[in-house]
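Please look through the sequence and the structure shown below before reading the report that follows.

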Amino acid sequence: MPKTTTSTPVIQLTDLTKRYGFGDTAHKALNEVTLTIEKGEFIAVMGPSGCGKTTLLNVIGLLDRASEGDYDLDGKSVASLSGKQHARIRSSQIGIVFQSFNLIHRLNVLENVALPLTYSGIPHLKRLERASEILKTFHLQEREYYMPWQLSGGQMQRVAIARALVNNPSIILADEPTGNLDSRSSHVIMEELSQLHKQGNTIIMVTHNPNLTSYASRVITMLDGKIASDTSTMPDPTTPKKSVKVPLNQHAKRKEKAPKAVKSPRKKTRKAAK
Amino acid sequence: MIQLLTDHVQNAYHSLKSNRGRTLLTVLGIAIGIASVTCTLAISDGVRKMVDTQVSAFDGKLAVVRPGFKSHDPNQLVNPVTQQSFSTSTLTDADITALSKLPNVEAAVPLMTIEGTIHAQHATGPNSVVLATTPDFAKVSNITMLSGKFLDDTADNNTAVIGVQLAISLFDTDHPIGEAFTMRGQQFTVVGVLRQESAPINFNNVDLNNAVVVSFEQGKNFNQGRSQIQQIDLLAKESSSLSSVAKQAKSKLISQHQGEEDFSITSGKAITQPTGQLFQAMTGVMTAIAAISLIVGGIGIMNIMLVGVAERTREIGIRKAVGASQRAIVAQFLIESLIMSGFGGLIGYGFGYLSAFIVSIFLYFTPAFSWQTAGIALAMMIAVGLFFGLYPALKAARKDTIESLRQYH
């Protein structure tokens with residue numbers, strides 16, 4: 001754990017299961033996932049396609065409900081809350097960044113960034129002001145009145161991140177934020193995210209790109225709906241760097257998409273799931 | 001809350017503007033529906049107002065005696081005159097004399113209609129209504145003369161007053177004083193022309209613009225010397241005494257008719273009731289027909305809203321992901337459909353009155369404005385917007401967030 005705190009974890013998942021289909025066709029996208037995420041962590045979730053990374057993110061982002069298990073957000077169970085309360089949490093505590101940016105094409109950059117503020121009841125002018133401030137930190141101020149389709153992919157993703165941040169959420173969820181970007185733009189985006197991390201935000205990022213895990217403070221690998229490995233990069237440079245073999249590697253020979261990230265010498269196993 | 005509402009309105013405005021063509025067509029559908037309803041109601045308001053003003057012109061001094069048993073059936077609409085032309089009237093000359101002698105009665109005016117073809121020198125007026133009445137008719141019917149004078153006590157039986165329309169069609173002039181025409185083999189001289197009456201539908205059931213008015217005596221001559229009274233207009237001296245006049249007239253007539261109440265006396269608004277009922281029924285039927293076009297317009301709204309929801313599935317997903325509740329999504333789409341139906345309603349209300357006034361060029365009355373019509377139009381446009389917008393809005397709100405985000409457009 002990068003930070004030893006006694007406070008309640010931001011996210012606490014206990015035996016979380018998400019099942020699709022019934023009976024014989026039942027398929028568990030998440031299979032009894034137990035995970036604790038502390039405030040200020042930057043977590044990279046890796047794993048092959050269909051291993052449940054995105055489902056995990058959707059459940060954490062309250063876009064989806066788990067079939068079984070508990071999800072405590074800031075120490076409060078989420079299952080008992082109504083859809084309206086979920087919407088309020090999404091608007092105030094969670095910012096989501098998508099692979100395909102998901103900007104509304106009808107609205108310009110400024111309005112897109114201001115969109116989440118609409119649902120927290122902030123007056124129009126104040127919303128635009130706030131959005132403009134955020135855009136300034138992303139060096140997109142001169143693009144405020146551009147339409148999304150006039151921007152490059154990297155710029156669009158920066159707008160999307162600005163939108164995720166405009167409500168000052170405590171958690172930022174990013175579903176392959178660099179999946180549609182070239183490597184240069186990817187690193188720009190990752191720099192932005194790690195900047196946010198340094199400012200104390202909790203970030204959970206799903207990625208396919210092992211190179212990007214170097215930005216994260218903790219790397220979780222998933223396989224078949226379970227957490228296969230959970231390594232945390234030591235923020236403390238004095239700790240000896242040590243390469244650790246993860247059970248997942250056996251699997252990697254069969255699965256092409258198995259992450260190479262776990263070979264990274266800067267990581268150490270924190271907890272390995274069965 | 002209000003903040004969110006103004007946001008929704010702005011948002012709806014933008015999204016409607018970005019699909020200007022189909023928004024306009026949808027609005028047009030609603031506008032046509034509302035316009036047809038408004039037009040129908042405006043015309044019927046005009047009729048009602050016209051009949052009401054005729055009666056109220058006598059300031060509550062007028063009572064009407066009609067022969068025959070009083071009908072209590074409000075659905076008796078086809079025959080506002082309770083007297084059929086082929087039956088003998090139960091009212092007699094003696095009744096008129098008795099009624100006019102009652103205290104507080106200013107005038108008792110008998111009305112008798114005969115049919116006759118009028119032959120002028122150069123033209124023929126086919127099947128004109130011939131009204132035989134006494135000179136007091138001028139008092140109870142609020143008529144004004146275009147030229148000449150109305151029949152008076154000194155008038156000869158061979159003189160007649162004619163309506164202005166008839167004057168023009170017979171003599172090509174609206175001042176045919178002294179001109180002669182023959183009717184039923186009898187020659188008449190025109191002594192007066194009635195001013196154009198804007199109310200051919202009136203409590204006397206006579207279209208005075210096309211009528212010939214002759215003396216009551218002459219009318220009896222045409223009818224084998226017997227009177228055939230279809231109505232007696234009773235004018236009280238004071239409006240306060242009207243009810244007592246009506247009561248006295250009733251008991252007087254019953255005693256004259258050997259205890260049989262084979263007539264009816266109506267006063268005030270009840271005089272117009274047969275006409276009013278007829279028009280209410282007509283208005284009801286016409287409004288129902290007009291409402292069909294409104295329903296079609298509403299279906300247009302629903303259709304376009306469903307298209308909009310399908311097109312903006314991704315947007316709905318994004319909005320939900322950044323914190324929109326289901327209620328916010330419902331409100332967003334509902335407000336959009338309300339704006340469409342609202343605009344349609346306003347345009348339709350305007351167009352409805354415009355078309356009502358255009359139609360009234362060919363009718364005898366002008367449409368009237370009333371708050372009932374405005375209220376009905378307003379209620380209808382809101383109802384249509386809500387009713388036909390609700391299903392698409394709910395459909396939008398119930399979309400699965402993750403599924404919606406996966407959709408590409």
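How many residues of domain 1 of chain A are in contact with residues of domain 2 of chain A? There are 12 such residues in domain 1, and they are in contact with eight residues of domain 2, where contact means that the C-beta atoms, placed from the backbone, lie within 7 Å.

This is a predicted model, in which local features need pLDDT of at least 70 and side-chain atom pairs count only at pLDDT 80 or more, whereas totals for chains, interfaces and linings use all residues. Residues are numbered from 1 along each chain as its sequence is written, and chains are lettered from A and ligands numbered from 1 in the order in which they are written.

The bounds of the domains, which come from an automatic or database domain assignment, are as follows.

| Domain of chain A | Residues |
|---|---|
| domain 1 | 11-93 + 169-271 |
| domain 2 | 99-154 |

On the side of domain 1 of chain A that touches domain 2 of chain A, α2 (83-92) and α6 of chain A each supply at least two residues, and α6(A) gives the most, with four residues. Helices here are DSSP runs of H or I with at least four residues, and strands are runs of E with at least two, numbered from the N terminus; chain A has seven helices and 11 strands.

Helix α6 (residues 183-198) of chain A also packs with helix α5 (residues 153-165) of chain A, at an angle of about 15° and with the axes 9 Å apart. That angle makes α5(A) roughly parallel to α6(A), a term for angles under 35 degrees, taken between N-to-C directions on a scale from 0 to 180 degrees, with axes fitted to C-alpha atoms over the stretch in contact.

Note on methods:
Parallel < 35°, antiparallel > 145°, perpendicular 65-115°, else oblique. Contact = placed C-beta atoms within 7 Å.
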